[in-house]
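The sequence and the coordinates are shown next. Please keep both in view while reading the paragraphs below them.

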Amino acid sequence: MTSISQITAASYPSKSHYYDALFIQLQALIAHEHDAVIIMAQTAALLHFSNTWHWTGFYRVSKHELLLGPYQGPPACSRIAFGKGVCGTAWKEARTINVPDVNQFQGHIACSSFSQSELVIPIYNSQNCICAVLDIDSTETHAFDATDVAGIEKLCTLIRLDT
Ligand code: SME
């Protein structure tokens with residue numbers, strides 16, 4: 001494997017440039033890789049260390065609940081039921097959920113008191129079923145804007161997990 005030079009958001013002139021660079025790097029990192037754990041681990045590490053986010057990682061669909069998957073950050077909740085919290089709601093409603101202030105989201109699961117805003121994006125398998133969610137948390141409120149949502153959703157199109 002060729003070495004990866006770590007991207008940092010602060011070194012790009014705009015967020016769009018940053019997400020364009022991340023897209024190219026993630027593509028190179030997980031191209032030809034089919035193992036779900038490797039894909040999730042590499043994605044979480046690349047994203048997390050390119051920014052100042054508090055927690056970046058995956059929850060995997062398993063029957064009626066989400067199970068903690070590869071992530072970067074402090075310890076988190078191990079299991080989240082279907083429809084519960086931001087992650088369970090994103091799974092149930094099959095949509096990206098951007099929560100500018102977790103204190104305003106009824107049912108938010110506070111794994112860490114430091115998380116103030118979060119972005120959760122469904123991840124699909126090759127049968128087009130949701131098989132995981134990507135969860136990114138910030139210690140700042142209103143951390144994610146429309147450019148972040150579009151940029152991270154586009155990154156997620158590179159991820160197809162078959163477990
Ligand atoms: N806050 C999430 C739980 C996961 S942690 O943030 C890592 C939620 O409400 O779904």
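The model is predicted, not experimental. It contains 4 helices and 6 strands, and along the sequence these come in the order α-α-β-β-β-α-β-β-β-α.

The overall dimensions can be checked against a simple rule. For 163 residues, a compact globule would have a radius of gyration near 15 Å, and the protein agrees because its own value is 15 Å. Along the principal axes, the C-alpha atoms fill a box of roughly 40 × 35 × 25 Å.

Packing and surface come next. Of the 163 residues, 45% are buried. Among contacts with a separation of 6 or more, 51% are between residues 24 or more positions apart.

Threonine 43 gives a local view of the packing. This residue sits in helix α2, which covers residues 36-48. Its relative accessibility is 2%, so threonine 43 counts as buried. Which residues is threonine 43 in contact with, leaving aside its neighbours within four places in sequence? They are Leu26, Ile30, Phe58 and Ile159.

The cysteines are the last topic. A disulfide is a covalent bond between the sulfur atoms of two cysteines. The count for this model comes to 1 disulfide. It is formed by cysteine 77 and cysteine 111, with sulfur atoms 2.0 Å apart. The angle about the S-S bond is -125°, and the link of cysteine 77 and cysteine 111 is left-handed. Cysteine 77 lies in the loop between β2 (65-72) and β3 (79-81), while cysteine 111 lies in the loop between β4 (97-99) and β5 (117-124), so the pair ties together parts that are 34 residues apart in sequence. Cysteine 111 counts as partly exposed because its relative accessibility is 35%.

Cysteine 87 is buried, with a relative accessible area of 3%. For cysteine 129, the closest cysteine sulfur is in cysteine 131, at 8.5 Å, again too far for a bond. Cysteine 129 has 42% relative accessibility and therefore counts as partly exposed.

How values were computed: Residues are numbered from 1 along each chain as its sequence is written. This is a predicted model: local features need pLDDT of at least 70, side-chain atom pairs count only at pLDDT 80 or more; totals for chains, interfaces and linings use all residues. Side-chain values use heavy atoms; hydrogens and water are left out. Helices (H or I, at least four residues) and strands (E, at least two) are DSSP runs, numbered from the N terminus. The radius of gyration is taken over C-alpha atoms; the globule rule is 2.2 Å times the number of residues to the power 0.38. Buried means under 20% relative accessible area, exposed over 50%, partly exposed in between (1.4 Å probe, protein chains only). Contact means heavy atoms within 4.5 Å. A disulfide is a pair of cysteine sulfur atoms within 2.5 Å.
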